[in-house]
Amino acid sequence: MTTTATDARPESAASAPTALTMAGALNAALRDAMAADDRVVVYGEDVGPLGGVFRVTDGLQATFGEDRIWDSPLAESGIVGTAIGMAMYGMRPVVEMQFDAFSYPAFEQMVSHVAKMRNRTKGRMPLPMVVRIPCAGAIGGVEHHSDSSEAYWTSTPGLTVVMPSNPADAYSMLREAIESDDPVVFMEPKSRYWAKESLELPVRTEPMDRAAVVREGSDVTLLAYGPTVRTALEAADAATAEGLSIEVVDLRSLSPFDDETVSASVRKTSRAAVIHEAAQFGGYGAEVAARVTERNFHHLAAPVLRVTGFDIPYPSPKLEEYHLPTADRVLAALATWEWDLA
Amino acid sequence: MSLSVERPDTRTLPSQKPIRLLDNAGHAVHGSAAGGFELPDPATLLDLYRRMVVARRFDVQVTALTRQGRLATYPSALGQEACEIGAISALEARDWFFPTYRDSVALLTRGIAPGDILASFRGDWHNGYDQHAHRTASQATPLATQALHAVGLGHAARLRSDPIVALTMLGDGATSEGDAHEAFNFAAVWQTPTVFVVQNNQFAISVPLSRQTRAATLADKAVGYGMPGYHVDGNDVAAMYAVTQAAVERARSGGGPTLIEGLTYRIEAHTNSDDPTRYRAARDVEHWKCRDPIERLERYLVSEGALSEQVRTEIADAAEQVAADTREVMTAEAELDPLELFDHVYARPRAALREQRDRLEAELAETAAAAGGAR
């Protein structure tokens, strides 16, 4: 198996900063990864001539040809199951699930094989593969287009689960995910696909398994990821007017969890809340609240709060605004603490 | 890739009468019943005979060891030796094999050591052999999931112009699983070098074939996916070998996948914890015991003068040696390190796992110290 770069293309030439969407950054990451390593192949539903329903694979088939990126039959278990076989051979497949809820047919392959193959074979059969999942809501999607499936994956040992919240991380983390020898569930918040940022490519941000303090503050730590990082930043802006200093941590990596960065922030502020779109009960925030409490109880002035979607199936487009956590809802939650005890 | 690939008609249903090269009396079958396939030469048949005898001795030995409590469980392939050995013997060392939990005798035939095959059934680790060294994936427990892995690996090889074939075995029950259908379809659409061998042993634990499908044969399913399908006498090792070999050659030369159904019978229980008297009649088992795949080939070889008493003894001795080796390796307790539980989950080390490993290590040290103090 060759490990050399193909002659295809150089990495996106380092250029003057240009405004790039997250979808564009992901596209550039795929392009650069495919150019850097001919073991990288991309397939899924509509990823070829159409360029993916979110255009993340736009133009890649024209550049790399159908042996590197192609449309597969419409069957998610088949997509992930065959990607396992390709990774066993030595390829580095990057497959797309189109939408969160459409990944569920692949659940068995993900949980029974992607997560377990390396351990089962004592490391002899690693699976260097990436499963890209456009995730979460707030795009006016009909049913099955706005789920937040992260807790299904994070509760499965053997999977690495990451979710970028901005274009720079999207590029850097996808490159790192493709280079990783562990299988990675790469979750892409759909509502952030069109968010623009001025970027110079290729960009490398913090390592994929680290959280990042994206706004410093002294009174409260908001723990957010993917789409809710923006929500947390909005809350922090609004709180400033009320004299409240909020620190925002973008978790970036959901599994593994960066205890070090999170605990350092929580010990500084002594209060924390975790924000996500997914339902609360048994959700990812429960794990965050539990481990933050276990590790920092004696530094906390208040219980760790969860500001999340309701414990209901994801609503229809005209009702989703009532379900999603907003900056106001975050601030209202913080107001439930007894502040004078601090 | 070769343009002169034989492309069988994929729109005609497979014969409902299983393809057969040797009948139960050990006579060579000719004409349409042979489906256009030729009886392998005597040397090949003798080799298949030897492999089946060794496989059965191993299988019987492992079942006995399981009853003695040396293994946690063992799914026997007794009676299915023609399917197992005929199919796997058509594969070359460079090819890949994707087995299920029932295919231990095929692993043995592929050269994997008894102790390495049985490490999982003994409960040491979920898999005990080197996948790459034997080009054999770990034995899949979730039904039909491994078929997709075979398709993916074959597709990757095809993209690299690497002329290898991936063969996967499935049971009759597994053909009801969605992954079987996705694998058939992906393989046909992508024209991957895949051979699907469905061992129709007529029971999925207790559920008979009639409750899995309304199709006349499981090979019929191939037609809907646009690939050739063959309904084969799965107790005729000559037919299983010939049909599989043709499928392997077609796959290797770019002709795409094939679905082969071997009609056979599971003589033993599903596993040692199963009670087959609850769902099938003893007379049915007796009926199938009278169609034994090894005795069938033996009759033919003897009638052809191709199996001398001396060779028969040599083969029996070799089989006894495998049984003795299996007893020996399974009687010794494996050295297990509980701390290894943390070693292979991720390539990139995790702080949380390291903490948990440290806790277990401390527990083990305390236990050892307590045991030392009590002495």
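With 16 C-beta neighbours inside 10 Å, A:Ser270 counts as partly exposed; a residue is termed buried if 20 or more other C-beta atoms lie within 10 Å of its own, exposed if 12 or fewer, and partly exposed in between, with C-beta atoms placed from the backbone. The model is predicted, and local features need pLDDT of at least 70, side-chain atom pairs count only at pLDDT 80 or more, and totals for chains, interfaces and linings use all residues. Residues are numbered from 1 along each chain as its sequence is written, and chains are lettered from A and ligands numbered from 1 in the order in which they are written.

A:Ser270 is located in the loop between α9 and β13 of chain A, where helices (H or I, at least four residues) and strands (E, at least two) are DSSP runs numbered from the N terminus. Although A:Ser270 is not a glycine, its phi is positive, at about 70 degrees. A positive phi is also found at A:Asp46, a residue other than glycine, with a value near 65 degrees. A:Asp46 belongs to the loop between β2 (40–44) and α2 (60–64) of chain A, and it counts as partly exposed because 16 C-beta neighbours lie inside 10 Å.

Two cis peptide bonds were identified in loops of chain A. The bond from A:Leu201 to A:Pro202 is cis, with omega near -5 degrees, and A:Pro202 is placed in the loop between β8 (196–199) and β9 (212–215) of chain A. The bond from A:Ser255 to A:Pro256 is likewise cis, with omega near 5 degrees; A:Pro256 lies in the loop between β12 (253–255) and α9 (259–269) of chain A.

Helix α9(A) packs against helix α10 (residues 284–296) of chain A, their axes coming within 10 Å and crossing at roughly 65 degrees. Axes are lines fitted to C-alpha atoms, for helices over the stretch in contact, and angles run from 0 to 180 degrees between N-to-C directions. The two helices α9(A) and α10(A) are therefore roughly perpendicular to each other, given that angles under 35 degrees count as roughly parallel, over 145 as roughly antiparallel, 65 to 115 as roughly perpendicular and the rest as oblique. The crossing of α9(A) past α10(A) is right-handed; a crossing is left-handed if the near helix is turned anticlockwise from the far one by less than a right angle, and right-handed if clockwise. A:Asp259, A:Val262, A:Ser263, A:Val266 and A:Arg267 of α9(A) make the contact with A:Arg291, A:Val292, A:Arg295 and A:Asn296 of α10(A), two residues being in contact if their C-beta atoms, placed from the backbone, lie within 7 Å. The residues of this contact comprise 3 nonpolar, 2 polar and 4 charged, with Ala, Val, Leu, Ile, Met, Phe, Trp, Tyr, Cys and Pro counted as nonpolar, Asp, Glu, Lys and Arg as charged, and the others, Gly among them, as polar.

A:Val274 is part of strand β13 (residues 272–279) of chain A and counts as buried, with 27 C-beta neighbours inside 10 Å. Leaving aside neighbours within four places in sequence, A:Val274 is in contact with A:Leu223, A:Gly285, A:Val288, A:Ala289, A:Val304 and A:Arg306. The C-alpha atoms of A:Val274 and A:Tyr284 are 9.1 Å apart, with the two residues separated by 10 positions along the chain.

Chain B contains 13 helices and 7 strands, and 46% of its 375 residues count as buried. Helix α2 (residues 81–89) of chain B is mostly covered, with 9 of its 9 residues buried.

The contact between the chains takes 34 residues from chain B and 35 residues from chain A. On the side of chain B that touches chain A, the largest share, 11 residues, comes from α6(B). The residues of that side divide into 17 nonpolar, 12 polar and 5 charged. The axes of helix α3 (residues 76–89) of chain A and α6(B) come within 6 Å and cross at roughly 55 degrees; α3(A) and α6(B) are therefore oblique to each other. Their crossing is right-handed.
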